[in-house]
Amino acid sequence: QVQLVESGGGSVQPGGTLRLSCAASGRIFSNNVVGWYRQVPGQQRELVAQIASSGSTNYADFVKGRFSISRDGAKNTVYLQMNSLKPEDTAVYYCKLVNTLFRKDVGTYWGQGTQVTVSS
């Protein structure tokens, strides 16, 4: 089992910044992918950004140039630096970890989510 704990959400004004953290513990494989997703009530959860254990990253078009994902292997923590926040970024942000073995998903885990609100 893997436990994920998100933190860093809050309320900011448009143009502001936040840094989300996702701390992982438990049975974490050396090969894994951690992603940040977000969800607005009534809408599907969508990918924001993800980072593999190799360090490769992938971003949704709507955050490119504004958000940055990184990971600290020693702390088993993944960060999402969010700059130039917009009201449409308001959502609950979730962290997801996928353990992989020989390129196959062998376990998917979600955090409890953290609220991000962007409003003037």
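Which side chain meets Arg38 in a salt bridge? Glu46 is the partner, with N to O at 2.9 Å. Keep in mind as you look around that this is a predicted model. The protein has eleven strands and zero helices, and a search of the whole structure turns up four salt bridges. Here is a short tour, starting with the overall build.

**Overall build**
- Along the principal axes, the C-alpha atoms fill a box of roughly 45 × 25 × 25 Å.
- Among contacts with a separation of 6 or more, 53% join residues 24 or more positions apart.

**Burial and surface**
- Of the 120 residues, 41% count as buried.
- The accessible surface comes to about 6,600 Å², and carbon and sulfur atoms contribute 46% of that area.

**The salt-bridge network**
- Arg38, Glu46, Arg66 and Asp89 are linked in a network of salt bridges.
- Asp89 forms a salt bridge with Arg66, and their closest N and O atoms are 2.7 Å apart.
- This pair links distant parts of the chain, 23 residues apart: Asp89 sits in the loop between β8 (77-82) and β9 (91-101), and Arg66 in the loop between β6 (57-59) and β7 (67-72).
- Asp89 counts as buried because its relative accessibility is 1%, under the 20% limit.
- Arg66 is also buried, at 11% relative accessibility.

**A salt bridge between exposed residues**
- Asp61 forms a salt bridge with Lys64, the closest N and O atoms being 3.1 Å apart.
- Both Asp61 and Lys64 are exposed, whereas Asp89 and Arg66 are buried.

**A nonpolar patch on the surface**
- Leu101, Phe102 and Val106 make a nonpolar surface patch of about 340 Å².
- Phe102 lies in the loop between β9 and β10 (104-110).
- Phe102 counts as exposed because its relative accessible area is 74%, over the 50% limit.

How values were computed. Residues are numbered from 1 along each chain as its sequence is written. This is a predicted model: local features need pLDDT of at least 70, side-chain atom pairs count only at pLDDT 80 or more; totals for chains, interfaces and linings use all residues. Side-chain values use heavy atoms; hydrogens and water are left out. Buried means under 20% relative accessible area, exposed over 50%, partly exposed in between (1.4 Å probe, protein chains only). Helices (H or I, at least four residues) and strands (E, at least two) are DSSP runs, numbered from the N terminus. Patches are made of residues with over 30% relative accessible area and no salt bridge: like charges are joined within 9 Å, nonpolar side chains (Val, Leu, Ile, Met, Phe, Trp, Tyr) within 5 Å. Accessible areas come from the Shrake-Rupley method with a 1.4 Å probe; for residues, only the protein chains shown count as cover. Contact means heavy atoms within 4.5 Å.
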